[in-house]
Amino acid sequence: MQVEFYTKWEKDSNLITTRLSGAITEADAIAWEKDLTQVLQALPEGTKFKIFVNFFELNPSSVSAHKAYRNVMPLLLSEYGWRIGYLDLFEEANGLKITSNKDIQCYAAVHCHHDSYKIQEYEKRFGKDNEHFYDDPIVSEEWIRNFQMLDPVR
């Protein structure tokens with residue numbers, strides 16, 4: 001399976017799409033994190049965004065590759081007012097500080113992964129109005145693109 005990673009910002013739809021897939025190495029995970037960080041840091045002050053985290057067909061090639069990507073989304077999004085639902089699984093995440101860098105805030109997220117059992121369990125336990133967990137990238141993208149922020153002041 002070919003490695004693929006990118007992050008893109010669509011200003012008109014307030015959507016960030018980030019993709020990491022294939023038999024990634026630690027270097028791939030680090031490069032993806034760098035791209036994602038750059039996109040987030042380039043957002044204008046006061047931006048409100050939604051995010052599609054697409055890990056469909058992600059298969060880290062080593063333990064070090066897994067460790068290199070697994071904390072990226074929770075830590076980065078915590079800097080933009082967002083706490084990922086599945087962090088409730090980890091006691092060590094209880095002290096994670098949620099901040100707002102440049103008054104930029106995430107207001108919705110969808111997480112996609114091919115492990116149907118795990119992702120369905122996450123959806124059942126942690127899914128909510130503005131955060132979902134799906135095992136289908138098409139369903140994921142459709143949901144996040146159609147999600148409208150009801151209250152602009154989160």
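By salt bridge I mean a side-chain nitrogen of Lys or Arg within 4 Å of a carboxyl oxygen of Asp or Glu. The model is predicted: local features need pLDDT of at least 70, side-chain atom pairs count only at pLDDT 80 or more, and totals for chains, interfaces and linings use all residues. I number residues from 1 along each chain as its sequence is written, and side-chain values use heavy atoms, with hydrogens and water left out.

R19 sits in strand β2 (residues 15–21) and E4 in strand β1 (residues 4–10), so the pair ties together parts that are 15 residues apart in sequence. Helices (H or I, at least four residues) and strands (E, at least two) are DSSP runs, numbered from the N terminus.

I then checked accessibility. I call a residue buried under 20% relative accessible area, exposed over 50%, and partly exposed in between (1.4 Å probe, protein chains only). R19 has 9% and is buried. E4 has 35% and is partly exposed.

**Salt bridge count**

I searched the whole structure and noted 6 salt bridges.

**E121 and K124**

I find E121 partly exposed at 23% relative accessibility. K124 is exposed, at 63%.

**R145 and E141**

How far apart are R145 and E141 in helix α5? I count 4 residues, about one helical turn, and the helix spans residues 137–146. R145 is partly exposed, with 33% relative accessibility. E141 is partly exposed too, at 31%. I followed the shared partners from here: salt bridges join E10, E141 and R145 into one network.

**A27**

Last, I turned to A27. I place A27 in helix α1 (residues 26–42). Is A27 buried or exposed? A27 counts as exposed, because its relative accessibility is 52%. I also took the C-alpha separation of A27 and A65, which is 7.6 Å. Those two residues are 38 apart along the chain.
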